[in-house]
Amino acid sequence: MSESGSSDGEVEFRPCIDIASLPGPVQNRLKALKNLQLSTVKAECEYYKEVHQLDVKYQKQYDEINKKRTLILSGEYEPSGAEIEWTDKKEEDEDEEDELTNGVGKIKLDINEDAKGIPKFWLHVLKNANEESLMGLIEPHDEQVLDYLTDITVTINQPANNGFTLFFHFSANPFFSNSVLSKEYTLREEPDPEAPLEFDGPEIIGCKGCSIDWKEGKNVTKTTVKIKKIKPRKGAKTSPDKAPTKEVKAESFFNFFSPPEVIDGKEDELSDEERATIAMDFDVGFAIKEKIIPRAVLYFTGEAFDTDDEYEDFDTEEEDDDSESDADN
């Protein structure tokens with residue numbers, strides 16, 4: 001039996017049979033079962049390759065749909081007729097109590113009647129997704145930059161399922177000269193040769209950001225701090241110059257575009273902090289691709305969280321029932 005301490009101080013139980021203590025014939029049967037497991041892994045690989053071909057096929061449809069979304073958001077196209085016929089089921093039962101959502105007042109956006117499209121749509125999408133999908137990467141000082149974000153798109157590699165690239169499109173702005181920022185993710189679609197039985201589908205093994213051409217004094221990923229000066233000896237002449245300063249890294253969403261470098265999925269040479277950053281980065285990139293881009297309007301309205309809340313309520317009810325049952329016993 002193998003045990004190790006968990007983060008909350010409790011001992012985590014990890015069952016592990018002493019294979020060497022088993023009879024030889026039993027050990028051989030286990031080896032045969034592992035070979036069968038490897039056959040399952042190979043079949044899974046083929047399955048995921050076929051799924052990828054479906055992804056490629058339907059991504060073309062998604063792209064066309066999202067182009068229409070972009071035209072509406074920018075104001076280049078004004079929907080009408082059947083396009084604007086939509087009734088949310090919840091609206092049928094809404095009353096004054098719906099002014100509160102989960103105990104938090106609904107946000108009132110200041111948008112003029114004659115505004116084109118939906119101003120700052122992507123800013124609000126990312127702000128709403130910040131805690132749930134972006135791991136809190138967006139800082140208050142990032143919002144002024146994200147005001148200029150006009151679209152987020154994705155391309156998936158083909159024919160091999162070995163990666164995807166996220167593109168963040170910006171209108172002309174006072175912060176940087178780039179019109180597009182990109183983040184490329186590398187996938188391993190085959191099992192890791194060093195641990196083939198641990199295969200659980202294609203996994204992200206690396207990522208690469210891009211250079212941001214910040215305009216002078218506008219880099220939100222840097223901040224200036226004063227350097228503490230050593231007090232001069234008594235009687236020594238002091239310089240009237242300003243206190244020295246230095247530029248240091250600041251917390252910012254835009255650090256997302258300069259991740260630690262991982263070569264071929266090997267994280268051995270990274271520090272613990274860098275490994276944690278990479279793990280979070282992979283989760284964020286996947287969430288943007290799989291959740292935020294395809295469900296942007298639901299993140300904008302906040303409805304993306306309704307389903308999660310329902311599951312949480314269900315889990316809470318189950319826990320309460322279990323607690324009551326234990327108390328009765």
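Contact here means heavy atoms within 4.5 Å of each other. Helices (H or I, at least four residues) and strands (E, at least two) are DSSP runs, numbered from the N terminus. This is a predicted model, where local features need pLDDT of at least 70, side-chain atom pairs count only at pLDDT 80 or more, and totals for chains, interfaces and linings use all residues. Residues are numbered from 1 along each chain as its sequence is written, and side-chain values use heavy atoms, with hydrogens and water left out.

Let's start with the sheet. Its 4 strands make an open, antiparallel arrangement in the order β5-β6-β7-β8, where two strands pair if DSSP finds at least two bridges between them. At the edges sit β5 (149-156) and β8, each of which pairs on one side only. On average, neighbouring strands are turned by 20° against each other, direction ignored. For such angles, axes are lines fitted to C-alpha atoms (for helices over the stretch in contact), and values run from 0 to 180 degrees between N-to-C directions. Helix α4 (residues 272-292) lies across β5, β6, β7 and β8, and runs at about 100° to β8.

Now zoom in on strand β7 (residues 180-188), which is joined to β6 (residues 163-170) by 7 bridges, the two running antiparallel. Another 5 bridges link β7 to β8 (residues 203-208), again antiparallel. T186 is a handy landmark: it stands opposite G206 in β8, and G163 stands opposite T186. Next along, L187 has I204 of β8 as its bridge partner.

R188 also belongs to β7. With 17% relative accessibility, R188 counts as buried (under 20% relative accessible area; exposed is over 50%, partly exposed in between, with a 1.4 Å probe and protein chains only). Its side chain makes a polar contact with the side chain of E203, at 2.8 Å. A polar contact is a pair of N or O atoms within 3.5 Å; within protein, one must be able to donate a hydrogen and the other to accept it, and residues adjacent in sequence count only if both atoms are side-chain atoms.

Finally, the largest nonpolar core has 48 residues, and F168, F254, F256 and I288 have the most contacts inside it. Such a core is a set of buried Ala, Val, Leu, Ile, Met, Phe, Trp, Tyr and Cys residues joined through side-chain atoms within 4.5 Å. Helix α2 (residues 121-129) gives the largest share, 6 residues.
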